[in-house]
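Me: I have a structure open and would like to go through it. Can you help me read it?

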Amino acid sequence: MRDSVETPRLPAAQEPRPYGNPYVAGLLLGAALLASFLVLGAGLGASSTPIRCGAWIESLVVPGRTQQSTYFGDKYLADGSNPLRYYLTYMSLGVLLGGLLSGVLGRRVKVTVERGAKYPAARRLVLALIGGVLIGYASALASGCTSGQALTGGALLANGSIVFMLSVFGAGYATAYFVRKQWHD
Amino acid sequence: MINTFYGLGKLVTAPTPATFLAALLIGLAFGFALEYAGFSSSKKLAGIFYFRDMTVLRVMFTAMITAMLGLSLLAALGWIDLGSQIYLLPTVYGAQIVGGLIFGVGFALSGWCPGTGIVGLALGKLDALVFLVGVTMGAVLFNETYGWTAGLRTEPQELFAFGLQRSTFALLLTLVGIVAFHLAEWAERIAAGGGRYLHSTLLRGLSVVLAIVAVIVFVLPSGPQATEFATAAEASSASPALMRDQQLLLQEVASAADHMDPPELADALMRGDKDLLVIDVRPADEYEANHLPGAVNVQLPGLIDYLASSGHTGRIVLYSNGMTHPAQARDALVRLGYRNVYLLTDGLRGFLDQCLMPASLRSYPLSDGEAQRVRQWRSFFAAEEVPAPVGSSTEKLASDAAAAAEQASSDQAVTIAENDAPRLVSTRWLSEHLQDPDLRIIDCRTHADYTQGHLPGAVYLNFESIRGSVNGIPSVLLPGDLLVQQLSLLGVRPDDMVVLDPGENVRDATLVSMMLQRVGHARWGIMHGGFPKWSGEGRRVEATIPTVARTDYPLPPRGDVFTVDAQHIAQRLGDGKTVLLDTRPTENFTGEESSEMRPGHIPGAVNRAFKRDLDAAGNLKPAAELAAEYQQLIPSLETPVIVYCRTGHQASLTYFVLHEMLGYQDVRWYDGSWSDWAARSDLPAVTGDQ
């Protein structure tokens with residue numbers, strides 16, 4: 001957004017460039033999704049990697065308990081397999097690198113805690129953590145997130161995925177008002 | 001035709017470096033698009049919830065519609081077969097609705113979702129890093145509380161386009177998208193003075209192009225129809241020989257001559273038919289988890305090569321969980337000239353339902369002959385497999401059958417009393433069925449253990465309260481009319497599935513099971529491993545007292561047939577047929593140790609201490625092992641057997657092993673046991689080893 005770069009003025013060479021046109025970005029994302037369908041035979045996915053990291057970390061800390069658990073044990077650790085040896089792990093690595101590439105080209109890479117100007121960073125991080133825990137739980141329950149369920153399942157017209165998307169935005173709109181201050185400048 | 005990694009079995013089942021490289025490159029484009037759109041900013045992402053910045057809606061809808069139309073177009077042109085080449089997401093409404101609601105709250109709080117969080121991390125956003133740590137913690141939390149959501153995870157369904165034609169729904173969704181784009185621009189203009197694309201050429205152009213493609217997809221015949229046209233066109237010019245072959249194929253399909261029913265296959269496997277080649281076409285991990293004995297695992301892409309190299313000329317049976325894939329594979333093989341290929345009717349599910357589901361769990365009555373066949377199949381197929389590291393495969397197959405039975409009979413009353421059920425229930429099966437309205441757990445441990453924590457909803461039963469002095473004999477199982485009162489107080493209904501939690505002594509649970517058997521209760525099982533295994537696996541435990549509504553358990557029409565008294569045994573002493581098993585420790589059997597009126601044992605009895613049925617941890621040994629050991633003592637499954645110990649308690653365990661696990665048909669329980677026999681001075685007793 002242009003408004004965010006008005007103050008303080010940076011030298012022109014370091015000034016972040018504005019984001020791309022959203023419809024062009026949408027077409028690019030759609031092309032990536034279509035390529036994923038045609039090459040991999042499955043859509044995009046993102047939540048798989050942090051979830052599998054959870055399985056991997058828990059299996060390092062309490063191996064026996066994790067191995068015997070119904071979800072991690074049966075789904076990700078069966079026969080002693082490495083939970084991170086999975087195509088979506090590589091996809092996530094690509095997402096990280098692709099995002100970095102676009103960020104570098106747009107001169108937008110910067111270590112920050114993103115929040116409204118008057119909102120304390122620590123409280124913003126607490127909200128991000130709580131939100132993360134809820135999303136990790138929910139993605140494991142629904143077998144996917146906005147990428148793997150909403151976007152991918154939406155493109156496949158899967159009933160459950162479309163219902164998932166409606167639930168996400170319904171609950172999001174119901175919650176947003178209560179945490180609006182974190183974005184106020 | 002496009003072949004995807006998924007279609008070739010190289011996505012998840014047997015991934016190659018090429019799979020991972022392709023995923024990485026697609027990820028690059030994915031991440032680039034997300035960042036280019038501005039999704040490396042949580043503030044921008046959250047904008048959608050305040051109508052301040054509707055970029056999320058624009059990007060997601062554009063992407064979704066683009067991919068949907070592209071895929072639909074390729075499918076309509078016959079370039080890709082959606083059914084076999086694309087992983088189509090299943091629908092599980094409960095999990096997806098509740099998951100979506102929780103996700104939405106998390107999204108509004110954090111301003112991130114997993115994909116954008118990874119991009120945010122790449123851009124140096126610390127809130128994205130913390131968010132991703134949270135996601136990982138949330139996944140661990142889900143794993144640790146897996147049982148909470150059991151009720152939401154119903155059977156996955158393949159549901160698409162809400163009952164409309166795919167192309168119709170695609171057209172509608174495209175139009176909704178175009179309207180939404182314009183509404184979003186307008187909303188943004190009102191809320192924040194944005195909406196700069198409202199009258200742009202780009203938005204107009206995009207809207208027109210998407211609408212045109214959607215109409216083309218709508219007008220084109222859909223995938224399967226297109227294939228039909230091609231077949232019809234080719235068929236008119238096909239050779240008479242090909243026509244005849246195809247005619248033959250269709251006739252076989254129509255008459256189901258291409259099927260082999262589960263009982264037929266089960267009998268052939270038990271006979272060990274040499275001409276039979278059974279092929280499991282499921283993914284390797286499912287094959288590893290369980291498969292029919294002797295089956296080889298060959299996935300569809302490798303099937304032709306495998307059959308060509310094997311040169312098998314006998315019958316070939318293909319099976320999967322269901323029937324679709326084997327049926328398609330069979331058609332392909334028949335076209336290649338194979339005339340000896342069969343499908344397993346209803347697949348592995350059919351096999352579990354028809355052959356391995358215990359007679360007592362079926363919603364229809366079986367004749368004695370049929371029940372006998374079921375017992376034979378169960379003992380053959382359950383014992384055949386190599387025991388798996390966690391629990392035995394007997395248990396696994398039995399619990400599969402139980403799960404299938406739950407599906408099949410749901411709330412149907414099981415009215416026939418049949419002494420055959422999945423008597424050993426796995427902790428996993430139980431945790432998945434905790435929410436079942438007809439499940440009742442009876443905790444057979446001590447009162448102190450119970451109050452410190454028990455399985456969710458479990459009711460406590462002191463096993464001593466079901467025994468008492470009857471006709472002067474101390475400590476025998478109470479008559480049925482007193483037992484039904486106890487069951488009523490425990491809130492048990494006649495059709496309930498009763499699971500007994502044995503704690504550390506399996507024999508306490510087997511004694512309680514004698515109560516269930518005396519009143520003719522059909523559906524019951526003992527949780528394998530008991531409470532220690534359950535809590536050791538981190539499964540949910542509670543200390544609250546459950547709410548129990550008193551029931552009115554009906555009195556059984558007649559007494560049980562398995563309990564015998566001293567007179568019954570006295571009449572059979574030395575008949576040369578009956579095997580009398582004394583299950584006490586050896587020193588009691590020989591008479592070196594005694595706390596009764598007389599030392600020793602009943603003449604002709606064979607000593608087999610009940611503890612030998614247990615492993616070091618006090619759990620029942622695998623059925624296959626027990627079967628081998630008892631084969632040494634008892635000539636056949638039909639041999640009459642009588643078990644006894646000191647008070648009937650230990651012998652109840654042996655009764656369970658012989659009658660419920662191993663399928664011995666004529667097993668009787670001398671409840672009074674040695675304490676009764678020894679007190680009757682007119683009955684003979686011997687000491688020593690023989």
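Me: Leaving aside its neighbours within four places in sequence, which residues is B:M68 in contact with?
Reply: This is a predicted model. In it, B:M68 is in contact with A:A155, A:L157, B:A170 and B:L173, once neighbours within four places in sequence are left aside.

Me: Which core does B:M68 belong to, and which residues there touch the most other members?
Reply: B:M68 is in the largest nonpolar core, which has 133 residues. The residues that touch the most other members are A:L29, A:L33, A:L40, B:F30, B:A33 and B:M68.

Me: Which element gives the largest share of this core?
Reply: Helix α3 of chain B, residues 55-76, with 14 residues.

Me: What is in the second core?
Reply: That core is separate and has 66 residues, including B:V425, B:L511, B:Y644 and B:A678.

Me: Back to the two chains. How many residues does each one put into the contact?
Reply: Chain A puts in 111 residues and chain B 117 residues.

Me: Which helices of chain A supply at least two residues of that side?
Reply: α1 (22-40), α2 (48-61), α3 (63-68), α4 (71-76), α5 (87-105), α6 (121-142), α7 (146-155) and α8 (159-176) of chain A each do.

Me: And how does the side of chain A that touches chain B split by class?
Reply: It has 68 nonpolar, 35 polar and 8 charged residues.

Me: Now chain B by itself. How many helices and strands does it have?
Reply: Chain B has 28 helices and 17 strands. Of its 690 residues, 45% count as buried. Among its contacts with a separation of 6 or more, 75% are between residues 24 or more positions apart.

Me: Take strand β17 of chain B. Which way do its residues point?
Reply: The strand covers residues 667-670. B:V667 and B:W669 point one way, B:R668 and B:Y670 the other way.

Me: Why do side chains in a strand alternate like that?
Reply: Because in a regular strand the side chains alternate between the two faces of the sheet.

Me: Are those four in β17 of chain B buried or exposed?
Reply: B:V667, B:R668, B:W669 and B:Y670 are all buried.

Me: Which helix goes with β16 and β17 of chain B, and what do they make?
Reply: Helix α27 of chain B, residues 649-661. Together with β16 and β17 of chain B, α27 makes a right-handed β-α-β unit.

Terms used:
Residues are numbered from 1 along each chain as its sequence is written. Chains are lettered from A and ligands numbered from 1 in the order in which they are written. This is a predicted model: local features need pLDDT of at least 70, side-chain atom pairs count only at pLDDT 80 or more; totals for chains, interfaces and linings use all residues. A residue is buried if 20 or more other C-beta atoms lie within 10 Å of its own, exposed if 12 or fewer, and partly exposed in between; C-beta atoms are placed from the backbone. A crossover is right-handed if, with the strands pointing away from the viewer, the path from the first strand over the helix to the second runs clockwise. Two residues are in contact if their C-beta atoms, placed from the backbone, lie within 7 Å. Ala, Val, Leu, Ile, Met, Phe, Trp, Tyr, Cys and Pro count as nonpolar, Asp, Glu, Lys and Arg as charged, and the others, Gly among them, as polar. A nonpolar core is a set of buried Ala, Val, Leu, Ile, Met, Phe, Trp, Tyr and Cys residues joined through C-beta atoms within 7 Å.
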